[in-house]
Amino acid sequence: MSYDIKISGGIVHDGSGAEGRVADIGIKDGVIVAVGDAPEAATREIDASGCIVTPGFLDLHSHYDGQATWDDQLEPSSRHGVTTTVMGNCGVGFAPVKSTDHERLIKLMEGVEDIPGTALAEGLKWNWESFPDYMDALEVQPRTIDIAVHIGHDPLRVFVMGDRAIAEEEATEDDVAKMRDLVREAMQAGAIGFSTGRSDVHKTADGDWTPSSEATAKELAGIAKAFEGLDYGVVQAVSDFDLEREGDRFEAEWKVLEAYAKAAGNRPFSMSLMQRDFAPDQWTRILEKAEQMKAEGVDMRVQTAPRGIGVFLGLQCTFHFFMGYPSYKKIADKPFEERVAIMKTPEFKAQILSEKTDQLSGPGSSIPPLADLLMAHIDFVATKLFQLGDPPDYEQPPENALAAKAEAEGVPLMEKLYDTVLERNGKELIYFPIYNYTEGDYNNVMKMMTHPQALQGLGDGGAHVGTICDASMPTYLLSHWTRDRTRGPKLAVERAVQMMSGDIAEFLSLNDRGYVREGLRADLNVIDHDALQLEPPHMVKDLPAGGQRLLQGARGYKATLVNGVPIVMDDKFTGEKPGRLVRAGR
């Protein structure tokens, strides 16, 4: 037997956490047929000498639900070793849907996940109504990498309850039964799971609460019973535990999530975990509860990130410091270059720095109250504002922050921020680790992501496209945490690889991937670990209707293979599109 491809001479980290070993890999018809000795000839050989070879990475948390219907490359994830991504997290999505609700779901996704509504309106074909129809539409679209998809609570609730879902009405028993039946239908069609969103930060483009955010424990538990008797599928949630409302509502919210998780029977449950500045100990409470649930027999996991959950602020971005200032609002609709030219004039600078910001959130605005809170505490916020540089540095000490630089230079803070956003002709991106950087280091990040119930996630690929670019996290985990970190302990390469491959494949019950083993899919990375490096994020204008998004590339990916087909060679796309829809349970 001859191989289609042989990968020779690399140090194989097989996804199990075992120490790497030099081995050859033979691939035939998209399957790994030899690991160790691969003596047969091959049509094509990839020399992996000096490189590590890993399973393709699984991205547990993305939002390509709209993008996957028109885009065949699925950047940024596909540039960072990801070969399978899971969409439909946080309760949002585009199916099931009635024709009268297209705009409603677009506004929901635009507000919650910061994806331009004009891009969605132009890009989405809407050649589906049911969730199985949506999966069929996804299946016929060629793409670089594999996708799996949750059915989301928000579109489901709107489909069943109509206007009552938006009006925050409680679901009736009949409503819950219909939603449960539709989730069961989706699972039988191969959905990877069911997700719900319970965050006050998430709002529609009209500034309304999301349909699922006010759902009761009875509703969620009733829907989760759709998983009874299934040996596949997961349930997912995001919640900020009502931080923007009065009082400590943690225990009440936890009871809702607990009822939801337990009703799903033996199916795994995960939720997002991060440290929030305004509730810095909340993450420890979540871990305590997670450990209790684990002891009670619930397979509960927490999705964690290997760095700060960071937003970018700049004149090209969705948010920046001056967007609420009266003078800026007068020029906000002008072309970018013209705005920058005006802002560079001494007269305009003097005027805007004499003003104060107007309120950004409120009725009709999708901007959460958190934005106003941050502006009200800009002196504190600026102690965590950084210029990333090239190569980008995400774990910088407090003395590198813009607040410290303004003080050292004897410049008023707002003037320093103003001058900084105008650097690089107005294209400068200022990094604000809004979560996971309360103490200015990664000590708590280390504790979170090494917890025995932790899973790597929260990359949010396809979402927050004008603010966040965290789909690069696989490259960051493998470069910063195993090689470059100087401010604390590191991770072993084999463990970092396992966190992004075998761990997630096991959680999702995807038994055909996640490891470098004979008989499994040839989803693989060949990585020059010594040269692996993130590139700085940058804004591009390539979405439908001229929409813009942040992208971030990487150097060091000698090859990424999906189903035995190279999609990336030497950091460049090959043009191949072997990715497919993953149908769970099949």
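**Cavities**

Student: How much space lies in the largest cavity?
Tutor: The largest cavity holds about 140 Å³ of space. A cavity is a set of points, on a 1 Å grid over the protein atoms alone, where a 1.4 Å probe fits but cannot get out; its lining residues have an atom within 4 Å of a point. Grid points are joined across faces, edges and corners, and the volume is the space filled by probe spheres set on those points. Note that this is a predicted model, in which local features need pLDDT of at least 70 and side-chain atom pairs count only at pLDDT 80 or more, whereas totals for chains, interfaces and linings use all residues. Residues are numbered from 1 along each chain as its sequence is written, and side-chain values use heavy atoms, with hydrogens and water left out.

Student: How many cavities of 30 Å³ or more are there, and which residues lie nearest the centre of the largest cavity?
Tutor: There are 5 cavities of 30 Å³ or more. In the largest, 15 residues form the lining, and Asp59, Gln456, Gly457, Met473 and Pro474 lie nearest the centre. Two or more lining residues come from each of strand 6 (57-59) and helix 19 (473-484). Helices (H or I, at least four residues) and strands (E, at least two) are DSSP runs, numbered from the N terminus.

Student: How do the residues of that lining divide by class?
Tutor: Ala, Val, Leu, Ile, Met, Phe, Trp, Tyr, Cys and Pro count as nonpolar, Asp, Glu, Lys and Arg as charged, and the others, Gly among them, as polar. The lining of the largest cavity has 10 nonpolar, 3 polar and 2 charged residues. The second largest cavity, of about 80 Å³, has 7 nonpolar, 3 polar and 4 charged residues in its lining. Its 14 lining residues include Pro76, Gly461, Gly462, Ala463 and Ile468, which lie nearest the centre.

**Burial and contacts**

Student: Why does threonine 83 count as buried?
Tutor: Buried means under 20% relative accessible area (1.4 Å probe, protein chains only). Threonine 83 counts as buried because its relative accessibility is 1%. This residue belongs to strand 7 (residues 82-87). Beyond its neighbours within four places in sequence, threonine 83 is in contact (heavy atoms within 4.5 Å) with Gly56, Phe57, Ile145, Asp146, Asp523, Thr560, Leu561 and Val562.

Student: Where is alanine 496 found, and is it buried or exposed?
Tutor: Alanine 496 is part of helix 20 (residues 493-500) and is buried, at a relative accessible area of 0%. Its contacts, again leaving aside neighbours within four places in sequence, are Leu477, Leu478 and Thr482.

**Strands and their partners**

Student: What joins the strands of a sheet?
Tutor: Strands of a sheet pair through backbone hydrogen bonds, either parallel or antiparallel. Here two strands pair if DSSP finds at least two bridges between them. An antiparallel example is the open sheet of 3 strands with the order 13-15-14. Strand 13 (309-313) and strand 14 (386-387) each have a single partner strand, so one side of each lacks a neighbour in the sheet. Strand 14 and strand 15 (residues 430-435) are joined by 2 bridges, with isoleucine 430 as the bridge partner of glutamine 387.

Student: How many residues of strand 1 are buried?
Tutor: Of the 10 residues of strand 1 (residues 3-12), 7 are buried, so the rest of the structure largely encloses this strand. Strand 1 runs parallel to strand 4 (residues 42-47), with 5 bridges, and antiparallel to strand 2 (residues 21-28), with 6 bridges. A further 2 bridges join strand 1 to strand 5 (residues 52-55) in the parallel sense.

**Aromatic rings**

Student: How many aromatic pairs are there?
Tutor: Rings of Phe, Tyr and Trp (its six-membered ring) pair if their centres lie within 6.5 Å; planes under 30 degrees apart count as stacked, over 60 as edge-to-face and the rest as tilted. The count is 18 aromatic pairs. Tryptophan 126 and tryptophan 128 form a tilted pair, because their ring planes are at 45 degrees, with the centres 5.5 Å apart. Both of these tryptophans are buried, and they belong to one aromatic cluster formed by Phe94, Trp126, Trp128, Phe131 and Tyr134.

Notes:
1 Å grid on protein atoms, 1.4 Å probe; cavity = no way out; pocket = protein on both sides within 12 Å on 5 of 7 lines; lining within 4 Å. Buried < 20%, exposed > 50% of the residue type's maximum accessible area, 1.4 Å probe, protein only.
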